[in-house]
Amino acid sequence: MRMFEKYASFYNLIYKNRDYKAEAKFVYKWAGKPKCIVDLGSGTGRHHKYWDCCVVGIDQSKEMLRYCKPSKKRVYLQDNIEKLNLSYAPCYTALFNVIGYCDLDKVMSCLKQNKGDVFIFDCWDRDKVAKIGFKTKEKLFPWGKVNIIPYLGGLIILITKKNGETVIEKHDAHPYSEKEIKRFCKKYGYSYIRKDTKTWTTYYKLTKT
């Protein structure tokens, strides 16, 4: 089973209370309020209504894209972000650990940007993962429960509905160290700054030099 296949129908339910608005506004301001954003691994597109610009969302999962809401300012494409022939964009984003499911080296090789343009993404920080650790989590909902089980190389997502129906997906994901990010920046001509959180996640803003 592909990642985010059956899981897609539960995605918005599981993350219903996630503060997409705050994250979207932070990213938009940090990016310098660009006129256009290409969002790599856009998922169900929950950030996009908070961006006052045109948005192109790209995701490999047709199941996730089914929940997006296209408009005059928002279009969505199904494609593999590691193999894209991208058009120029002043700002690329990849949010909610999209990069953890990808090869960042391959993704950055696809970017087409000029001096001063930005690429903003978040990823699990290797040092923080090692320090904080991760235990099995159970989240309860009116319709059932979700168990998130760590394994070497990612997470196993087990969804159990109240009627007994289950969905299980294996999500291969990995953290990146700051040293790796620095190496990729040097390879592709970017400088970077980072913002830490209290969780595994670290945000990076890469600026084309």
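## Contacts and model basis

A contact is defined as heavy atoms within 4.5 Å. Among contacts in the protein between residues at least 6 apart in sequence, 56% join residues at least 24 apart.

The model is predicted: local features need pLDDT of at least 70, side-chain atom pairs count only at pLDDT 80 or more, and totals for chains, interfaces and linings use all residues. Residues are numbered from 1 along each chain as its sequence is written, and side-chain values use heavy atoms, with hydrogens and water left out.

## Overall architecture

The secondary structure comprises six helices and eleven strands; these are DSSP runs numbered from the N terminus, with helices being H or I of at least four residues and strands E of at least two. The C-alpha atoms fill a box of roughly 55 × 45 × 30 Å along the principal axes.

For 209 residues, a compact globule would have a radius of gyration near 17 Å, and the protein agrees with its value of 17 Å. The radius is taken over C-alpha atoms, and the globule rule is 2.2 Å times the number of residues to the power 0.38.

## Surface and burial

The accessible surface comes to about 11,500 Å², of which 53% belongs to carbon and sulfur atoms. Accessible areas come from the Shrake-Rupley method with a 1.4 Å probe, and for residues only the protein chains shown count as cover.

Of the 209 residues, 49% are buried, meaning under 20% relative accessible area, whereas exposed means over 50% and partly exposed lies in between.

## Aromatic pairs

A search of the whole structure finds eleven aromatic pairs. One of them is formed by W124 and W200, edge-to-face at 4.8 Å centre to centre with 80 degrees between the planes. This pair links distant parts of the chain, 76 residues apart: W124 belongs to strand β5 (residues 118–124), and W200 to the loop between β10 (190–196) and β11 (201–208). W124 counts as buried at 12% relative accessibility, and W200 is buried with a relative accessible area of 12%.

F141 and W143 have ring centres 4.9 Å apart and planes at 10 degrees, so this pair is stacked. F141 is buried, with a relative accessible area of 18%. Ring pairs also link F119, F121, Y192 and Y204 into a cluster. Rings of Phe, Tyr and Trp (its six-membered ring) pair if their centres lie within 6.5 Å; planes under 30 degrees apart count as stacked, over 60 as edge-to-face and the rest as tilted.

## Charge over rings

R18 lies over the face of F96, at 3.6 Å from the ring centre. The charged end of R18 also sits over the ring of Y20, 5.8 Å from its centre. The criterion requires NZ of Lys or CZ of Arg within 6 Å of the ring centre and within 35 degrees of the ring normal.

Conventions. Buried < 20%, exposed > 50% of the residue type's maximum accessible area, 1.4 Å probe, protein only.
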